[in-house]
Amino acid sequence: MSNLPARAERRCHNAVNPLHSCIFFSPDLGAEMAKIGIEDPAAAYFATRAAALGAVGAGTVTAAFYNFNPVLVARHVPAVWETASPEVVLDARIRTADSTLRRLLGEETIASDEMAEAARLALRATEACTPHARPLYAAHADLPVPEEPHLAFWHATTLLREHRGDAHLAALLAAGLDPLESLVSHTATGKGMAIGWILSTRGWRRTDWEAASDRLRERGLVAEGEELGLTAAGTVLRAEIEEATDRMDTAPYRHLGAEGVERLTELARGFLFTAAAAGAFPASATGQG
């Protein structure tokens, strides 16, 4: 049995994950990818996140990423590897992490004892991550740990994010939600991404969105009417998905222990507040509320 407080792993993830994902919203990523010849934002995203898998094809990326339109993926993969190899992309990615974290957190935080402590804690948590049925986590776990503490921390946050992400996809699959139904039902919770942004970044058409919405209405998961919202059954299903994700992701946090999880969460939130004070993150990204 876990000695962790209820949902401690989720709270820790919510604090740590923005420090991993910030590079995908950083102008540094576009600049670094342009230097190696990848200028299309979608191609840059697919290459950056999939490079750890090697020079894989569109099918592998579609499967591992889950909610992107396969047509959009095939438009860029595997052609992107002809422009830059996975190894070159990985080098550009770590440069992006370095420059982004330095800008968001400042040199004092980067060189702090707290950053070194956060790196040790996050890496210790990853010791209990497991590779089976987790392709994105497993691929990233094969990469070397950077020596500098802030990059070691970023590497560990990446492992924790992909470990949980792979588990979340398993939970979505078990719940019978296809890629677009997953996005629709998440947006219907009121906590998901804006519809227009989903369609533009995930490659789906409005007709695809409406068809997925209709399927969910037929299952009694999305309410009737123009305003997108979950039914009681839909609310229960989404809660079950999150709880299943927590269960499949508890091992690294149980390994770290309640005190370690609390401290890692505290440190990550502190980094987020430092970045938020500089206008880098909205208040919601701090994991509060």
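Predicted model: local features only at pLDDT ≥ 70, side-chain atom pairs only at ≥ 80, totals over all residues.
Ala 156 stands eleven residues from Val 145 in sequence, and the two C-alpha atoms are 8.2 Å apart in space.

**Close-up 1. The second largest pocket and the residues that line it**.
The second largest pocket holds about 190 Å³ of space, and its lining is made up of Leu 90, Asp 91, Arg 93, Ile 94, Leu 143, Pro 144, Pro 146, Trp 154 and His 155. The elements that give two or more residues to this lining are α7 (86–110) and α10 (149–174), and the largest share, four residues, comes from α7. Sorted by class, the lining of the second largest pocket consists of six nonpolar residues, one polar residue and two charged residues.

Ala 119 is 35 residues from Trp 154 in sequence, while the distance between the two in space is 7.9 Å, taken from C-alpha to C-alpha.

**Close-up 2. Ala 92 in helix α7**.
Helix α7 is the place of Ala 92, and at 0% relative accessibility this residue counts as buried. Not counting residues up to four places away in sequence, Ala 92 touches Glu 32, Met 33 and Ile 36. Thr 48 lies 44 residues from Ala 92 along the chain, and the C-alpha atoms of these two residues are separated by 8.4 Å.

**Close-up 3. The buried residues of helix α12, and the glycine that follows the helix**.
In helix α12, which spans residues 195–202, Ile 198, Leu 199 and Arg 202 are buried. These residues cover an arc of only 95° around the axis, and therefore they are on the same side of α12. The elements against which the buried residues of α12 pack are α5 (70–76), α11 (179–188) and α13 (206–218). After α12 comes Gly 203, which has a positive phi, near 85°.

**Close-up 4. Cys 12 and Cys 22, cysteines that are in no disulfide**.
How many disulfides does the structure hold? The number is zero. For Cys 12, the nearest cysteine sulfur is that of Cys 129, 11 Å away, and Cys 12 is therefore in no disulfide, which would need a pair of sulfur atoms within 2.5 Å. Cys 22 is likewise in no disulfide, since the nearest cysteine sulfur, that of Cys 12, is 16 Å away. As for their accessibility, Cys 12 counts as buried at 1%, and Cys 22 counts as buried at 6%.

**Close-up 5. Backbone geometry at Arg 7 and Tyr 66, residues with a positive phi**.
Although Arg 7 is not a glycine, its phi is positive, at about 60°. Arg 7 is placed in the segment before α1 (8–21), and with a relative accessibility of 46% Arg 7 counts as partly exposed. Tyr 66, which is not a glycine either, has a positive phi of about 75°. The place of Tyr 66 is in the loop between α4 (58–65) and α5, and at 11% relative accessibility Tyr 66 counts as buried.

**Close-up 6. The cis peptide bond between Val 77 and Pro 78**.
Val 77 and Pro 78 are joined by a cis peptide bond, for which omega is about 10°. Pro 78 is found in the loop that lies between α5 and α6 (80–83).

Methods: Residues numbered from 1 in each chain as written. Heavy atoms only, no water. 1 Å grid on protein atoms, 1.4 Å probe; cavity = no way out; pocket = protein on both sides within 12 Å on 5 of 7 lines; lining within 4 Å. Points joined across faces, edges and corners; volume = space filled by probe spheres on them. Nonpolar A, V, L, I, M, F, W, Y, C, P; charged D, E, K, R; others polar. Buried < 20%, exposed > 50% of the residue type's maximum accessible area, 1.4 Å probe, protein only. Arc of directions from axis to C-beta. Contact = heavy atoms within 4.5 Å.
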